[in-house]
Amino acid sequence: MSANAIEHLIEDRSLPADIEAEKVILGAVLLNNDLLAEVEDLLAASDFHFDAHHRLLDSMMNLARQGMAIDLVTLAAGQVQKQICRASCSRADYGTGQRAQQQRQAA
């Protein structure tokens, strides 16, 4: 898919959300990471209607900023890392982790 075709899909915001158009953009970036640089100036992750697509494009942009390849392996690894971080952060934030329990027992 050419950058002009992607730009056309993005410019017409009066159309209802189109899951297929979002899939085309994400799939094109997966097949050719260089396309992300072309569409980054035209859209943001928040432009995607479907939340999963929003998160995927955001992850793709993060990988590109880190200079990493954008593929199924790096996207999946990033999602696993986010889940681990959320789980450990939520335990620490809410005082349910082992360390928090030890501190409460010592007090």
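**Salt bridges within the helices**

Analyst: R55 and D51 are four residues apart in helix α4 (residues 51-65), a spacing of about one helical turn. In this predicted model, the two side chains form a salt bridge whose closest N and O atoms are 2.5 Å apart. R55 has a relative accessibility of 44% and counts as partly exposed. D51, at 47%, is likewise partly exposed.

The count of salt bridges comes to two. The other pair is K23 and E20, with an N to O distance of 3.8 Å. Both residues belong to helix α2 (residues 19-31), where they lie three residues apart, about one turn of the helix. K23 has a relative accessible area of 44%, which makes it partly exposed. E20 is partly exposed too, at 48% relative accessibility.

As for the setting, the chain contains six helices and zero strands, so its pattern along the sequence reads α-α-α-α-α-α, with helices numbered from the N terminus. Of the 107 residues in the chain, 24% are buried. The chain exposes about 7,400 Å², and carbon and sulfur atoms supply 54% of that area. Among contacts with a separation of 6 or more, 49% come from residues 24 or more positions apart.

How values were computed
Residues numbered from 1 in each chain as written. Predicted model: local features only at pLDDT ≥ 70, side-chain atom pairs only at ≥ 80, totals over all residues. Heavy atoms only, no water. Salt bridge = Lys/Arg side-chain N within 4 Å of Asp/Glu carboxyl O. Helix = DSSP H or I, 4+ residues; strand = E, 2+ residues; numbered from the N terminus. Buried < 20%, exposed > 50% of the residue type's maximum accessible area, 1.4 Å probe, protein only. Contact = heavy atoms within 4.5 Å. Areas by Shrake-Rupley, 256 points an atom, 1.4 Å probe, with all protein chains shown as cover.
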